[in-house]
Amino acid sequence: MKSIAYEMELSSTGDNRGSLVAIEPDRAIPFDIARVYYVFDTVTGVCRGQHAHKTCKQILICVSGCCDVICEDSKQTFTCKLNSPTKALYLEGLVWHSMKNFSPGAVLVVLADHVYDERDYIRNYDEFRHLINSAECI
Ligand code: T46
């Protein structure tokens with residue numbers, strides 16, 4: 001199991017009517033999309049996420065408003081500020097992630113390479129640390 005997290009810039013096209021981002025499974029989206037979901041109507045001050053995935057790969061895009069995603073993998077902890085519809089965060093499994101500081105009206109869209117499966121979640125932080133420490137030893 002690998003832990004990989006990085007920011008991506010999505011290319012957009014625009015003219016005097018506005019801008020458009022197209023998302024297709026290609027080199028920019030490094031997996032076939034099996035599921036799309038979005039988080040909206042978030043309550044001020046909430047923290048969502050607080051889990052890792054075993055294998056599910058995801059791309060997070062705040063298409064309206066902004067939020068912060070705090071990521072922790074085996075090597076680093078960093079905060080990604082999703083504050084543009086052209087900015088994305090790629091997360092492979094084994095990245096502990098939490099979303100917070102949602103602006104009013106924020107809409108967070110997520111593309112995933114698997115359908116929803118609760119068995120893919122690691123919701124216990126100690127279990128996550130144990131798994132990434134074990135993966136480091138391999
Ligand atoms: C993630 C972050 C970025 C479903 O029934 N189907 C789904 O596809 C999803 C994603 C969730 N659910 C149910 C499971 C829970 O009863 O929706 C409820 C809320 O899910 P959760 O508390 O996991 O939501 P977040 O915002 O904490 O996390 C979500 C994703 O679950 C997670 O995979 O990486 O967004």
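A residue is called buried when its relative accessible area is under 20%, exposed when that area is over 50%, and partly exposed in between. The views below all show a predicted model.

**View 1. Asp117 and Arg119 are joined by a salt bridge.** The closest nitrogen and oxygen atoms of this pair lie 3.0 Å apart. Asp117 has a relative accessible area of 28%, and therefore counts as partly exposed, whereas Arg119, with a relative accessible area of 66%, is exposed. Side chains of opposite charge can pair when their charged atoms come close. The structure holds six salt bridges, and two others are shown in the next views.

**View 2. Lys87 and Glu7 meet through their side chains in a salt bridge.** The distance from nitrogen to oxygen is 3.8 Å here, and the pair links distant parts of the chain, since Lys87 belongs to strand 9 (residues 87–91) and Glu7 to strand 1 (residues 5–9), 80 residues apart.

**View 3. A salt bridge connects Glu72 with Arg129.** In this pair the closest N and O atoms are 2.5 Å apart. Glu72 sits in strand 7 (residues 67–72) and Arg129 in helix 1 (residues 125–137), so that the bridge links distant parts of the chain, 57 residues apart. Glu72 is buried, because its relative accessible area of 13% falls under the limit of 20%, and Arg129, at 24% relative accessibility, counts as partly exposed.

**View 4. The largest pocket has a volume of about 200 Å³.** Of the 14 residues that line this pocket, Tyr37, Gly49, His51, Met99 and Tyr121 are the closest to its centre. Strand 4 (35–39), strand 5 (48–53), strand 6 (58–64) and strand 10 (96–100) each supply at least two residues of the lining. Which strand gives the largest share of the lining? That share, four residues, comes from strand 5.

**View 5. Val21, Ile23, Ile33 and Val36 form a nonpolar patch on the surface.** Together these four residues have about 270 Å² of accessible area. One of them, Val21, lies in strand 3 (residues 18–21), and Val21 counts as partly exposed because its relative accessibility is 31%.

Conventions: Residues are numbered from 1 along each chain as its sequence is written. This is a predicted model: local features need pLDDT of at least 70, side-chain atom pairs count only at pLDDT 80 or more; totals for chains, interfaces and linings use all residues. Side-chain values use heavy atoms; hydrogens and water are left out. On a 1 Å grid over the protein atoms alone, a cavity is a set of points where a 1.4 Å probe fits but cannot get out, and a pocket is an open set with protein on both sides within 12 Å along at least five of seven lines; lining residues have an atom within 4 Å of a point. Grid points are joined across faces, edges and corners, and a volume is the space filled by probe spheres set on the points. Patches are made of residues with over 30% relative accessible area and no salt bridge: like charges are joined within 9 Å, nonpolar side chains (Val, Leu, Ile, Met, Phe, Trp, Tyr) within 5 Å. Accessible areas come from the Shrake-Rupley method with a 1.4 Å probe; for residues, only the protein chains shown count as cover. Buried means under 20% relative accessible area, exposed over 50%, partly exposed in between (1.4 Å probe, protein chains only).
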